[in-house]
Amino acid sequence: ADFASIWCTNPAFKFKQPPSVRLKVLAQIAAADLQQSDTKIQCELHRLRRQQNEYEATMAELRADEQLLAVSEAELKHELRTRNQDLAAAQVELLELRRGARAGQANLLRAPG
């Protein structure tokens with residue numbers, strides 16, 4: 001490593017070396033660069049996997065919320081139908097009571113008295 005650092009900082013030094021040494025040092029430098037690139041790639045892959053796991057967890061939560069909303073919507077629609085039916089029945093009963101009241105009023109007016 002010390003030889004490689006001198007190699008990189010002192011251009012005159014590298015040209016004094018035989019070709020086999022130059023190739024060996026260049027190979028070491030290239031290997032170090034590849035290792036550094038590999039480490040960066042592995043870190044990025046780890047980050048992306050963690051991000052994917054977070055995304056999948058969020059999507060699972062959203063699907064569960066969507067199911068709860070669908071159930072709530074169905075319950076509300078059922079409650080609304082029930083209340084509308086109760087209201088319709090109450091309106092029919094009110095009409096019958098009004099008819100009965102009018103008939104009773106008419107009978108009272110006809111009764112001798």
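**Reading a predicted helical chain**

Biologist: What does the protein chain expose?
Modeller: The protein chain exposes about 10,000 Å². Carbon and sulfur atoms supply 60% of that area. Keep in mind that this is a predicted model.

Biologist: What is the confidence of the prediction?
Modeller: The mean pLDDT of the protein chain is 88. Of its residues, 91% reach 70 or more. Among the elements, helix α3 (residues 19–110) has the highest mean pLDDT, 93. Helix α1 (residues 2–9) has the lowest, 66. Where pLDDT is low, the predicted coordinates should not be read in detail.

Biologist: Which elements make up the protein chain?
Modeller: There are three helices and zero strands. From the N terminus on, they run α-α-α.

Biologist: Why is the protein chain called more spread out than a compact globule?
Modeller: The globule rule gives 13 Å for 113 residues. The radius of gyration is 44 Å, well over that value, so the chain is more spread out than a compact globule. The C-alpha trace spans about 140 × 20 × 15 Å along its principal axes. Of the 113 residues, 5% count as buried.

Biologist: What makes Arg47 and Glu44 a salt bridge?
Modeller: The cut-off is a nitrogen to oxygen distance within 4 Å. The closest N and O atoms of Arg47 and Glu44 are 2.5 Å apart, so the pair counts as a salt bridge. Both residues sit in helix α3, three residues apart, or about one helical turn.

Biologist: How do you know that Lys77 and Glu73 also form a salt bridge?
Modeller: Their closest N and O atoms are 3.5 Å apart. That is within 4 Å, so the pair counts. Lys77 and Glu73 are four residues apart in helix α3, about one helical turn.

Biologist: How many salt bridges are there by this rule?
Modeller: The count comes to three. One of them joins the side chains of Glu79 and Arg83, at 2.8 Å from N to O. These two residues lie four apart in helix α3, about one turn of the helix.

Biologist: Why is Arg83 called exposed, whereas Glu79 is called partly exposed?
Modeller: Exposed means over 50% relative accessible area. Arg83 has 56%, so Arg83 is exposed. Glu79 has 36%, so Glu79 is partly exposed.

Biologist: Which residues make the nonpolar surface patch?
Modeller: Ile41, Leu45 and Leu48 make it, with about 240 Å². Leu45 is found in helix α3.

Notes:
Residues numbered from 1 in each chain as written. Predicted model: local features only at pLDDT ≥ 70, side-chain atom pairs only at ≥ 80, totals over all residues. Heavy atoms only, no water. pLDDT = per-residue confidence, 0-100. Patch = residues over 30% accessible without salt bridge, like charges linked within 9 Å, V, L, I, M, F, W, Y side chains within 5 Å. Areas by Shrake-Rupley, 256 points an atom, 1.4 Å probe, with all protein chains shown as cover. Rg over C-alpha atoms; globule rule 2.2 N^0.38 Å. Buried < 20%, exposed > 50% of the residue type's maximum accessible area, 1.4 Å probe, protein only.
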